[in-house]
Structure formats: C-alpha cells, structure tokens
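The following note sets out points for a colleague reading this entry.

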Amino acid sequence: MPDQRIISNLALVGFMGCGKSTVGRQVAGELHFEFVDVDTLIEAREGVSIAEIFSNEGERAFRKMECEVIAELADRKNLVIATGGGAIVNPENLTSLKQHALVICLWANAETIHKRTKHQSHRPLLQQDNPLSTIRKMLTEREPHYKQADVIVNTELRPQREVAAQVLHQFGESKRGGGS
Ligand code: S3P
C-alpha cells in the first residue's frame, strides 16, 4: 500500500442487505459521481444473473470475475462503487480498492440482515433452509475482513438517508485530511 493514498473514489463494502447499492446511489447523486455496482458490471459482462453464474459456473468462477472487475476500476475516478458482500474476503480486492478509494463498510447485525433479506431471492448464498444461521455464521467469518475498511458505519436504527449523510461526511473528512 503506498504511503500517500490518492482517494479519487468511494467504495462501499459490507454484508448482503446492508444497503450498499441504495446508499451508494444516493451518495453518488450528492457527489455528482458515477455509481457502479460490481455485481451489475459482472452481470452485464456475462449476460446472465449472479444466481445463474453461481449455478452454472460455481462460486469460484464468480469470485474470479469479481476480482477482475474490481481491478479494472483502479484507473477510474469520481466513482461510488458498491461491491458484493463477499468481495473483500479476498485481501487482493481490499488492497486494490484502498489504492484509489475510501473504503466504507456498512454494518448491521445478523437479525437485521435477515429481516431485510428474507423476502428476496436473488442471493444464491442465502437460499438456504435456515438463512438466519447462515447469515450469523458468514457474518462472524467475515467480520475481521470488514473491520479492515477505513470506516465502519452502523446502519442499525438509522434511516438510509442518515447512513448516506454519514458516508458523505466521512468521504469529505478523508479529502480534508489530505488523502488526495
Ligand atoms: C455475495 C453478495 C452479493 C453477490 C453474491 C455474493 C456475498 O452481493 O455478490 O451473491 O458473498 O456476500 P450483495 O452484497 O450486493 O447482495
């Protein structure tokens, strides 16, 4: 990691259902940045949904695509990037994002994530008999990775516009702090 980071972008990481895409879109609008969603870029490139990639090619193939797409964002500026919930489990992805972006993790507890995701069906990793216990287990495993973000914003008990305001504040602070 270079000593002097050039923060040109903002990256949102965190577990599924923490609001990365919704908050990301809102923040991008405020900053007049382009919003990019890593999963959407993968789907556009492959011409199929994330669920289809998982079922046809497996998670390993998906992780490789995710890593390639994240690496390609390094040359771009003025982006708000929403990553998939498992992206920064691969340290290569976090290192890549930190080279050009302030990395903010949106956090929620397992019960809240379960409430927010239980009626959705597009996430292959949560299509389980007992999604709450899967969420608990994955969240515990991933927590040390999420803690490597520059900033953690708790989304519990806060409307999404307040989460977005907090994210914008942190991004502004990183700029004032001489990060660019
Ligand atoms: C995943 C999260 C999903 C998507 C894929 C795997 C994960 O993105 O990348 O289903 O491993 O947590 P969201 O966090 O946007 O749901």
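1. Helices are DSSP runs of H or I with at least four residues, numbered from the N terminus. Ser174 belongs to one of them, helix α8, which covers residues 160-179. The model is a predicted one, and the points below should be read accordingly.

2. Is Ser174 buried or exposed? Its relative accessibility is 14%, and because buried means under 20%, Ser174 counts as buried. A polar atom of the Ser174 side chain lies 2.8 Å from the backbone oxygen of Phe171.

3. Turning to the ligand, 13 residues surround it, and the closest are Lys20, Arg63, Gly85, Arg123 and Arg142. By class, the shell around the ligand consists of five nonpolar, three polar and five charged residues.

4. Which side-chain atoms approach oxygen atoms of the ligand? For Lys20, a polar side-chain atom is 2.7 Å from a ligand oxygen. For Arg63, an N or O atom of the side chain is 2.6 Å from an oxygen atom of the ligand. For Arg142, the corresponding separation between a side-chain N or O atom and a ligand oxygen is 2.7 Å. The ligand taken alone exposes 390 Å², of which the protein buries 94%.

5. The largest pocket is the space taken by the ligand.

6. Glu43 is located in helix α2, residues 38-46. With a relative accessibility of 29%, Glu43 counts as partly exposed, since this value falls between the limits of 20% and 50%. Glu43 and Lys98 are 55 residues apart along the chain, and their C-alpha atoms are separated by 24 Å.

7. His32 has a phi near 55 degrees, a positive value in a residue other than glycine. His32 lies in the loop between α1 (20-31) and β2 (34-37). At 72% relative accessibility His32 counts as exposed, because exposed means over 50%.

8. Asn78 is also not a glycine, yet has a positive phi of about 55 degrees. Where is Asn78 placed? Its position is in the loop between α4 (59-72) and β3 (79-82). The relative accessible area of Asn78 is 41%, so Asn78 is partly exposed.

Notes: Residues are numbered from 1 along each chain as its sequence is written. This is a predicted model: local features need pLDDT of at least 70, side-chain atom pairs count only at pLDDT 80 or more; totals for chains, interfaces and linings use all residues. Side-chain values use heavy atoms; hydrogens and water are left out. A residue is near a molecule or strand if one of its heavy atoms lies within 4 Å of it. A polar contact is a pair of N or O atoms within 3.5 Å; within protein, one must be able to donate a hydrogen and the other to accept it, and residues adjacent in sequence count only if both atoms are side-chain atoms. Accessible areas come from the Shrake-Rupley method with a 1.4 Å probe; for residues, only the protein chains shown count as cover. On a 1 Å grid over the protein atoms alone, a cavity is a set of points where a 1.4 Å probe fits but cannot get out, and a pocket is an open set with protein on both sides within 12 Å along at least five of seven lines; lining residues have an atom within 4 Å of a point. A molecule sits in a cavity or pocket if more than half of its atoms lie within 2 Å of its grid points. Ala, Val, Leu, Ile, Met, Phe, Trp, Tyr, Cys and Pro count as nonpolar, Asp, Glu, Lys and Arg as charged, and the others, Gly among them, as polar. Helices (H or I, at least four residues) and strands (E, at least two) are DSSP runs, numbered from the N terminus. Buried means under 20% relative accessible area, exposed over 50%, partly exposed in between (1.4 Å probe, protein chains only).
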